[in-house]
Amino acid sequence: MKVNKNLFKWGWLSILFIFSYLLIATAATHISRYMIPKPYMGGISSQQEAFFQQKDDINLLFLGSSGFGSTINPIILDSEMDRLGCPIRSFNLSPDGLNSIETRYVLEQIIKSRPKKLSTIILDLPPIHYGFKQKDALRTRFFNTWSNFVPFVTDIWNLPRFRKKRALILLDFIISFAYERSGVGLLHSTFISPPEGYPPAEIIVRQRGYGGDLEKHIHSAEKSARLSREVAKLKKQIDSWKASYAEMNRVGHLARLKPVIDKVESYGFEVAVLLAPTMTNYSYAEPLKQIFTEKMPRTPMWHYNDFVKWPDFMDGANLRNITHMNPRGAVMFSKILAKDLCQSFKSGELRSITPPLSL
Amino acid sequence: MLFIEFRFIVFFIIVWLVFWSLRSNTLRKWLLLIGSYVFYASWDYRFLSLILIATATNHIAAIRIQDSSERTIRLRWLTSTIVINIGILFVFKYLNFFADSLVDLINVFGGTASPTLLNIILPVGISFYTFQSLSYPLDVYQRKMEPSRSWLDFSLFVAFFPQLVAGPIVRAKEFMPQLAILKTFAEIPVRACLTLFLIGFAKKAVVADGLAPFLDPIYENPAAYSSLDIFYGQLLYSIQVYCDFSGYSDMAIASAGLLGYKLPLNFNFPYFSASLADFWRRWHISLSSWLHDYLYLPLFFMGKNRFSKIMVYRNVIITMLLCGLWHGAAWGYIIFGLFHGLALVVAQEWQSFTKRGKITIPFSKAIGIATTFYFVCWTFVLFRTQDMNVAWHLTVGHFFSNIPSSETLPSAAPALFIFLAIVHTCFYRWDLPKWFANLKPWIFSLSAGAVAAFLVAMVPVGYRPFIYFQF
């Protein structure tokens, strides 16, 4: 009888504890939803500075993560576009691991700085991983809103290709929900930011956002062949595995960026999204494009992850590693991109390169 | 598995629920032993063998010491177990350091030698459980306690998971009698333990980890900062290291308390110490007292004029040198120990001088607290960085402001320090944990839930290991 009484007492107190915890955690989630986490500018400042030094000469800005950094060579792109009759000056602002928080911050800085000739901004859509130990990923996850998130989960849920993976999608969703609702780091990432941010890795100030040793990462034939085999193996794995959560995250990420894109567009800039050819993008490019075009029909989106159409992108000789191109691959891709961009300008999918009217 | 990780909370809740649902004390101890091994294996299962070796050698040695009446045999068993345990500690923690230092020494004297360093991983908590388990045969040898014949009890004493990887260093004579008693849930101060756990969590996860990103850049490149920034950086680092370690100790004591076991206090507001000797009585108390009992006092029996001033000072310096070395295999720690040893000697001489001359210094307590805190902050540089150039820069930069600074700490740093100092003082002046734990049960539950949620929301993303794990 005594045990039962104790059990009842402690059971009741535990319920009160859990109730109070959930109440405050949910409140924190709701508060932080409307606040933007502080940007970590450690890896970005120098590149941003380089851009601002020449901002009034730039027409086209690529803003993305290392996927962009290793894939788009603005010097090659500009000369190729010039040759094709679309003269342009581009800049590739693409520090490692750039995510939506910093993308948003940089975009806002660009609006404030009023660059005279900048017309088009092409954004990357880097993934937000679920890995609990990845600092960037964790911060960025708080940037998602469930009101945006849930419809996308529903959409993915209903996609025919994911019908057999619904249990996994549901599990991902439940874990994410529990984790985010428990409030881990919500307030900290919103209010506190280290002065210099991370990573404290070497920062390369690039002339045009791309550069460095052009011979670096040009591999021997043997290493290239090995890399090709690795890529082919990974492609096979990805073909049999559908990374549903990654798609959700990317779209969630974009959903959070959407107001910023709208704002940037309202100032007369044109925004487009590009998924550069990497194995990371390959795993979710197609379904993502499907959802993206449905949700944001006005914003052009291109992806180059069709390895049947562009087999060279899978060739180890053109890759630094399985997720990044080497300078040779970047030259090749920049030429293809230049051709397609020029065509888009000529066809009217993108406006021609002229200063925004509102400036 | 860190105490602030979600998986530890899950692990602990499972162990806790099963523990209190068992009626047999033996079954409870088996549960805790298996749980402790699982806990340690989550770091690296290979090093469980070292814990088993420490358990076996000390247990056998203690029984043999007890069973023998001949002093030489007793001494032989004690020496054997000390050699085995310290030998293991030496190989895993100090071998590379001494080999490296020897090579440097040979090179300094014109010889040629190249280091052949072994790829040795430092097993987590090895310094803690080695010292803890060694106290057992030492106590038995000194007839301070009788050894337990139970393998289960001794194995659990060595491996008990709340204190396994970072202390407090528990004495067998304090802990093992507790194992004999079947606890009842009614005698457990649940609210006090939960309060202590929340305080420890706040110290570690919110304060210590929250300060780290501000302080890391200073210690990576002190040359870029002004002396004022370095000064605030050192003040804040002293808070970080205190919150990190005492936070762990609080959570360890609370976890053990929730299972019905009492662990000794490890920190007692050390930054309010009015002297350095007082500081070491309040900082990492379990280590200080271990060194006092098993090193400092026995040193008096080595040499003539046992209780002369010279002997006292010699023993203080040796003890502090080894205290520094206990923290890590690097010259920085040794110098840290040496500074503290010398400072203790100077402080003792000063005290004698003022006593002899009947000199009274106004506000002596306040001055004592300030100088002790300042000295400790200053020497903690050697805790934070093992790069002597960086340590030198921090030391010079601390005093001189002619270093042109290119980076600055956030302007909130002084305010942050003052805020944390005020909070700490409030806890020192008033027993806030006791007040919180004595709230009405339903108010306590609601408040604790709210505090826990707030703290979790303030946790910086990405866990940092406890600073003292490296020791």
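## Report on the predicted model

At 3% relative accessibility, B:Cys377 counts as buried, where buried means under 20% relative accessible area, exposed over 50% and partly exposed in between, computed with a 1.4 Å probe on protein chains only. B:Cys243 is buried as well, with a relative accessible area of 8%.

This is a predicted model, in which local features need pLDDT of at least 70 and side-chain atom pairs count only at pLDDT 80 or more, while totals for chains, interfaces and linings use all residues. Residues are numbered from 1 along each chain as its sequence is written, chains are lettered from A and ligands numbered from 1 in the order in which they are written, and side-chain values use heavy atoms, with hydrogens and water left out.

**Chain A and its strands**

The secondary structure of chain A comes to 14 helices and seven strands; helices (H or I, at least four residues) and strands (E, at least two) are DSSP runs, numbered from the N terminus. Of the 359 residues in chain A, buried residues make up 54%. Among the contacts in chain A with a separation of 6 or more, 84% are accounted for by residues 24 or more positions apart, a contact being heavy atoms within 4.5 Å.

Strand β3 of chain A (residues 120-123) pairs with two other strands, taking a pair to require at least two bridges found by DSSP. Strand β1 (residues 60-63) of chain A runs parallel to β3(A) and is joined to it by four bridges, with A:Leu60 standing opposite A:Thr120. Strand β4 (residues 270-275) of chain A also pairs with β3(A) in the parallel sense over four bridges, and here A:Ala272 is the bridge partner of A:Ile122. From β3(A), A:Thr120 and A:Ile122 point one way, whereas A:Ile121 and A:Leu123 point the other way, and all of these residues are buried.

Over all chains the count comes to one disulfide, defined as a pair of cysteine sulfur atoms within 2.5 Å. A disulfide is a covalent bond between the sulfur atoms of two cysteines. In this model the disulfide joins A:Cys86 to A:Cys342, with an S to S distance of 1.8 Å. A:Cys86 lies in the loop between α4 (74-83) and β2 (90-93) of chain A and A:Cys342 in helix α14 (residues 327-347) of chain A, so the pair ties together parts that are 256 residues apart in sequence. The torsion about the S-S bond of A:Cys86 and A:Cys342 is about 70°, and the disulfide is therefore right-handed. Both A:Cys86 and A:Cys342 are buried.

**Helix α1 of chain B**

Helix α1 (residues 6-21) of chain B has 16 residues and reaches 23 Å from its first C-alpha to its last, close to the 22 Å expected at 1.5 Å a residue; the expected span is 1.5 Å times one less than the number of residues. Its buried residues include B:Phe8, B:Phe11, B:Phe12, B:Val15, B:Phe19 and B:Trp20. They cover an arc of only 145° around the axis, which puts them on the same side of α1(B), the arc being that of the directions from the helix axis to the C-beta atoms. An α-helix has 3.6 residues a turn, so residues three or four places apart point the same way. The cover over the buried residues of α1(B) includes α2 (25-44), α7 (161-164), α9 (190-220) and α10 (227-258) of chain B.

**Salt bridges**

The count comes to 13 salt bridges over all chains, a salt bridge being a side-chain nitrogen of Lys or Arg within 4 Å of a carboxyl oxygen of Asp or Glu. The table lists some of them.

| Salt bridge | Closest N and O atoms |
|---|---|
| A:Glu265 and A:Arg298 | 3.5 Å |
| B:Lys29 and B:Asp153 | 2.8 Å |
| B:Asp209 and B:Lys204 | 2.8 Å |

A:Glu265 forms a salt bridge with A:Arg298, and this pair links distant parts of the chain, with A:Glu265 in helix α11 (residues 244-266) of chain A and A:Arg298 in the loop between α13 (285-295) and β5 (301-303) of chain A, 33 residues apart. A:Glu265 is buried, with a relative accessible area of 18%, whereas A:Arg298 is exposed at 66%.

B:Lys29 forms a salt bridge with B:Asp153, and this pair likewise links distant parts of the chain, 124 residues apart, with B:Lys29 in helix α2 of chain B and B:Asp153 in helix α6 (residues 151-159) of chain B. B:Lys29 is buried, with a relative accessible area of 8%, and B:Asp153 counts as buried at 11%.

B:Asp209 is buried at a relative accessible area of 4%, and B:Lys204 is buried at 0%. B:Lys204, B:Asp209 and B:Asp244 are linked in a network of salt bridges.
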